[in-house]
Amino acid sequence: MLHGRRHLQLVDSERDAMRVACQFNAQLMDFVRPHVKAGITTEAIDRMVHEYTLDHGHTPACLNYQGFPKSCCTSINEVICHGIPDKYELKEGDIVNVDLTSIVDGWHGDQSETFLIGEVTPEAKQVTQCAFDCLYLAIDAIYPECRVSEIGRVIVEEAKKYNFGVVEEFVGHGLGRRFHQDPSIPHVPTRAAHSVRLLPGVCFTIEPMINIGGAATQLDPTDGWTVRTRDRSLSAQFEHTILMTENGPEILSMTKDGPQKGHKF
């Protein structure tokens, strides 16, 4: 049904379905949260995500999506995104992004957070803070019918204060019955993004990936998924699913226990 709509604008009942999907996904993040600490393997985190999702009658969107082998993504330190959970045991000083997407009655909820494992370096804390602040600055910058490029504009402005790189190859995306759909949401201002407007009813993610070093990325040739910083510097990311309403952006994936706007790490 959505495929035939030019702007993929959701009607009221569809907006409510997205709210339900994202609320479950946020609940899942809060369930996992206390377990993301030193000593746990990323495989164990994935198992918890998988079992909790199935126990509630829903589907992990990542599992088997274009061949992805796990139910969530766990991206550690220099891994930007799409890290595959395995036997790696989180240790003091790591940062790890946990990216969750659930399918609830055919609708997708999507979000991610970067967790600090114990005491981390000042640089690790700073890049995590920057990624978090970029997400909320971008949300605050948008309004009904604004240009998508407003998102990238404010993110680049914030990252430049620290000389951090903003990843360009991987972007936010429209969300609904499909995991990835229009509009594309780049985190840097582009000509294409300047030509697209966020109309009421459009649902999408904002998920800035911020690197301490350069913005260049490198795909792992052995698994075809894991994306690292080319210079192996640390990378952090936060993501929310956003619904643009007639009154402005609504964050659909807000957790009860996670960091809220203005949080300091």
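What follows is a conversation about a predicted model, in which a colleague asks for the grounds of several descriptions.

Colleague: What makes Asp99, Asp110 and Glu239 a set?

Modeller: The grouping comes from UniProt, where an unreviewed entry lists Asp99, Asp110 and Glu239 under "binding site". Such annotations may be inferred rather than shown by experiment. In the model the three residues cluster in space, with a largest C-alpha distance of 8.2 Å, although they are spread over 141 residues of sequence. Glu239 from this set also belongs to the lining of the largest cavity.

Colleague: Why is Asp110 called buried?

Modeller: The limit for buried is under 20% relative accessible area. Asp110 has 3% relative accessibility, so Asp110 counts as buried. Its place is in strand β5, residues 107-116.

Colleague: What makes the pair Asp110 and Thr101 a polar contact?

Modeller: A polar contact needs N or O atoms within 3.5 Å, one able to donate a hydrogen and the other to accept it. The side chains of Asp110 and Thr101 make such a contact at 2.8 Å.

Colleague: Is Glu239 buried or exposed, and on what value?

Modeller: Buried, because the relative accessibility of Glu239 is 2%, and the limit is under 20%. Glu239 lies in the loop between β15 (235-237) and β16 (240-245).

Colleague: Which residues is Glu239 in contact with, leaving aside neighbours within four places in sequence?

Modeller: Contact means heavy atoms within 4.5 Å. On that basis Glu239 is in contact with Asp99, Asp110, Gln111, Ser112, Leu135, His173, Thr205, Ile206 and Glu207. Asp99 and Asp110 in that list are also in the UniProt "binding site" set.

Colleague: What is the volume of the largest pocket, and which residues lie nearest its centre?

Modeller: The volume of the largest pocket is about 450 Å³. A pocket, unlike a cavity, is an open set of points. The lining has 25 residues, with His82, His173, Phe179, His180 and Glu207 nearest the centre. Two or more lining residues come from each of β4 (95-104), β8 (172-174) and β9 (181-185). With four residues, β9 gives the most. By class, the lining of this pocket divides into 11 nonpolar, nine polar and five charged residues.

Colleague: How do you know that the peptide bond from Asp182 to Pro183 is cis?

Modeller: Its omega is near 5 degrees, and the bond is classed as cis. Pro183 is placed in strand β9. Most peptide bonds are trans.

Colleague: Why are Asn64 and Gln66 called exposed?

Modeller: Exposed means over 50% relative accessible area. Asn64 has 59%, so Asn64 counts as exposed. Gln66 has 64% and therefore counts as exposed. Asn64 lies in the loop between β1 (59-60) and β2 (73-76), and Gln66 lies in the loop between β1 and β2.

Colleague: Why is Ala236 called buried, and what does Ala236 touch?

Modeller: Ala236 has a relative accessible area of 2%, so Ala236 is buried. Ala236 lies in strand β15. Not counting residues up to four places away in sequence, Ala236 touches Ile95, Thr114, Val127, Thr128, Ala131, Pro208, Met209 and Ile210. The C-alpha atoms of Ala236 and Val127 are separated by 6.2 Å, while the two residues are 109 residues apart along the chain.

Technical notes:
Residues numbered from 1 in each chain as written. Predicted model: local features only at pLDDT ≥ 70, side-chain atom pairs only at ≥ 80, totals over all residues. Heavy atoms only, no water. 1 Å grid on protein atoms, 1.4 Å probe; cavity = no way out; pocket = protein on both sides within 12 Å on 5 of 7 lines; lining within 4 Å. Buried < 20%, exposed > 50% of the residue type's maximum accessible area, 1.4 Å probe, protein only. Points joined across faces, edges and corners; volume = space filled by probe spheres on them. Nonpolar A, V, L, I, M, F, W, Y, C, P; charged D, E, K, R; others polar.
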